[in-house]
Amino acid sequence: MKKISTRGQNLAKTAALYTTLVGLAFVFFFPFYYMFVIASHPRETMFRTPPNIWFGGALWDNIHRLLFVQEQVPYLTNYANSVIIAVLTVLTTIFFCTMGGFALAKYEFRGKKFIFIFILSTMAFPPFLNIIPFYRMMVAFGWINSWRALIVPGMANAMGIFLMRQYMEESIPNALLDAARIDGLSEFGILTRIVFPLAKPGMGVLAIITFVGSWNNFLGAFILLPNLRSTTLTVALNTLNAVSFGEFGMVYAGTALAILPLLVIFFMASQQFISGLTTGSVKG
Amino acid sequence: MTLTTKLWEKIGFNQKLAPYLFVSPFFILFLIFGLYPIGYSFYMSLFDMRLVGNRGFVGLANYTRLFTIDEFFGTAVVNTLILLVTGSLLQHVFAIPMAIIVNNPRVRARHTFKALFFAPFITSTVATVIIFGMVFDHNYGLLNWIIENVMGMDGLRWTGRSGAIKATISILLNWRFIGFNMVIYLAGLQGIPKELYEAAAIDGAGTLQQHRLITLPLLLPIIFFGVSLSLIGGFQLFDEPFVLLGGYDTVGGPGQGGLTIAYYLMILGFKNGRLGRGAAIAWVLFFIILLATTANRIVTNRLQKK
């Protein structure tokens, strides 16, 4: 009796499984689809009953108005700011965190254990703990509206150093470093010529985490870059959303353009992205 | 010229000195941008420090007033706690079964589903709030249309009432972070030996029983970790309510429904110029997080001993 029903049961189980999965995929992905739907509608067809669930014909018009007509936010400037800040943050973070991680992974020195634990424990401080004096300090430094304020303080961060240390400890052979020393390379030369090329996969993970964090950072850009010309996309979109009443098509087009690069890279390399964005946490 | 080269060579070739040099950027930056403002924040919290100047030492008054005369702090704590449960901790209730489903050996294209569930994690808060703007719109939103026409109930004013605001923020948070948690649990599930389930099945345990007796206990370290992240993030919830409800001026929207602890801290410190009071909230928040994560550790340890 049991054996006869097994095949049918199996089929039913598989069907139920895929129905659930497709349903869930719909819930999680629908908002992205909906974003493009809204971004493609002109004002005239935006508000309808039943609501729009298919594309309209005004996507290019909405993008055109966003980039060249509206004067509420300098969208292209903000876009460039986001790109430059993210790239500079990634480069400096990779440099300083690889350097720090290298010291903790491949050297024996007095106080190493203490230094390592100290660096890790600084992650326990919530960013809000010092945000008010930190802001006053940036004002005193004259760094408000300067990209330095977003890039410099986090260049050598605990998470990045920890991540790079974990990566290099296993992947860089000590014999190679000793050989380089015998060949007359300085410690700094070893770092730049041997360690940097070997640590590339680890750097890639750190680059993904740092880029996504910088690209999506709202609070930092909001308080440190209050000037609309020097600020980033997240703040510009927030402002645009608040001041352009009824211009949903344009605002959604702006949002779509802001998300698109990350979304495209994400689906091209989702495996690396997902493991990158979760390694820091699983290992931590 | 020669002197500096020699000095550089001495440092550059000194294997004892190099590691200190390499970790020094962290310490220099942490001292300036981390530790100093942390210390200063405590100093500030003991003074009636305002944007326009310091009005003198007040002892712990900035702290005590939070629990006595402050009209908003209590609301902010209650809101934060509600949102912590419905927005952050609830995610795990969804994420674990989802991970179990995705991990089912019958599932092909597992990675595609994983990527689709994870995709919301890479969006920014501002983008999330904008995208959901047309979903939650009172008059023309998709959600209210479904509620009114498909389910035959009255639509909600999603950002208009204190309770609805919390539902909206919770939906945003769940949408964005469930996939992230699911991926963490999926990694944990893949570490559980299949033989355990086979043995349990032979002993006559049903699927639900297997998950209760095998999956959950073995996932416990990962649950501890995921819940810790949720506690740290949830108590510091700021971006979502702040962006959704229009910033400082609305003080958390109608009925202060979206006013969280961090949101209130930012209003005091950045809008009202009450730096001392804002700093006091920051320290209270720090201790709340410390307390919550410690409690999480104790509970996990107890469960693990069972």
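Analyst: Buried means under 20% relative accessible area, exposed means over 50%, and partly exposed covers what lies in between. Keep in mind that this is a predicted model.

User: Thanks! Why does Phe118(B) count as buried?

Analyst: Phe118(B) has a relative accessible area of 0%. The limit for buried is under 20%, so Phe118(B) is buried.

User: What makes Phe118(B) and Phe180(B) a tilted pair?

Analyst: Two rings pair if their centres lie within 6.5 Å, and planes under 30 degrees apart count as stacked, over 60 as edge-to-face and the rest as tilted. The ring centres of Phe118(B) and Phe180(B) are 6.5 Å apart and the planes stand at 40 degrees, so the pair is tilted. The pair links distant parts of the chain: Phe118(B) is in helix α5 (residues 110–118) of chain B and Phe180(B) is in helix α8 (residues 162–189) of chain B, 62 residues apart. Phe180(B) has 10% relative accessibility and so counts as buried.

User: How many aromatic pairs are there over all chains?

Analyst: The search of the whole structure finds 62 aromatic pairs over all chains. Among them are Phe141(A) and Trp143(A), with ring centres 5.4 Å apart.

User: Why is the pair of Phe141(A) and Trp143(A) called edge-to-face?

Analyst: Here the angle decides. The planes of Phe141(A) and Trp143(A) are at 70 degrees, and edge-to-face needs over 60, so this pair is edge-to-face. As for accessibility, Trp143(A) counts as buried because its value is 13%. Phe141(A) has 40% and is therefore partly exposed.

User: How do you know that Arg165(A) lies over the face of Phe116(A)?

Analyst: For an Arg, CZ has to be within 6 Å of the ring centre and within 35 degrees of the ring normal. Arg165(A) is at 4.1 Å from the ring centre of Phe116(A), and it lies over the face of that ring.

User: What makes Glu240(B) and Arg176(B) a salt bridge?

Analyst: The rule asks for a side-chain nitrogen of Lys or Arg within 4 Å of a carboxyl oxygen of Asp or Glu. The closest N and O atoms of Glu240(B) and Arg176(B) are 2.9 Å apart, and the two form a salt bridge. Glu240(B) is in helix α11 (residues 239–244) of chain B and Arg176(B) in helix α8 of chain B, so the bridge ties together parts 64 residues apart in sequence. Both of these residues, Glu240(B) and Arg176(B), are buried.

User: Why are Asp61(A) and Arg65(A) separated by about one helical turn?

Analyst: Because they are four residues apart in helix α3 (residues 59–69) of chain A. Asp61(A) and Arg65(A) also form a salt bridge, with the closest N and O atoms 3.8 Å apart. Asp61(A) is partly exposed at 41%, whereas Arg65(A) is buried at 14%.

User: Which residues do salt bridges that share partners join into one network?

Analyst: That network holds Arg43(A), Asp61(A), Arg65(A) and Glu247(A).

User: Why does Leu91(A) count as exposed?

Analyst: Exposed means over 50%, and Leu91(A) has 53% relative accessibility, so it counts as exposed. Leu91(A) belongs to helix α4 (residues 75–106) of chain A. Together with Val83(A), Ile84(A), Val87(A) and Leu88(A), it forms a nonpolar surface patch with about 370 Å² of accessible area.

User: What is the phi of Asn145(A) near?

Analyst: Phi of Asn145(A) is near 70 degrees, which is a positive value in a residue other than glycine. Asn145(A) lies in the loop between α6 (131–141) and α7 (148–151) of chain A. With 30% relative accessibility, Asn145(A) counts as partly exposed.

User: What radius of gyration does chain B have, and what would a compact globule of 306 residues have?

Analyst: Chain B has 25 Å, but a compact globule of 306 residues would have a value near 19 Å. Chain B has 13 helices and two strands, and buried residues make up 52% of its 306 residues.

Notes
Residues are numbered from 1 along each chain as its sequence is written. Chains are lettered from A and ligands numbered from 1 in the order in which they are written. This is a predicted model: local features need pLDDT of at least 70, side-chain atom pairs count only at pLDDT 80 or more; totals for chains, interfaces and linings use all residues. Side-chain values use heavy atoms; hydrogens and water are left out. Patches are made of residues with over 30% relative accessible area and no salt bridge: like charges are joined within 9 Å, nonpolar side chains (Val, Leu, Ile, Met, Phe, Trp, Tyr) within 5 Å. Accessible areas come from the Shrake-Rupley method with a 1.4 Å probe; for residues, only the protein chains shown count as cover. Buried means under 20% relative accessible area, exposed over 50%, partly exposed in between (1.4 Å probe, protein chains only). Rings of Phe, Tyr and Trp (its six-membered ring) pair if their centres lie within 6.5 Å; planes under 30 degrees apart count as stacked, over 60 as edge-to-face and the rest as tilted. The radius of gyration is taken over C-alpha atoms; the globule rule is 2.2 Å times the number of residues to the power 0.38.
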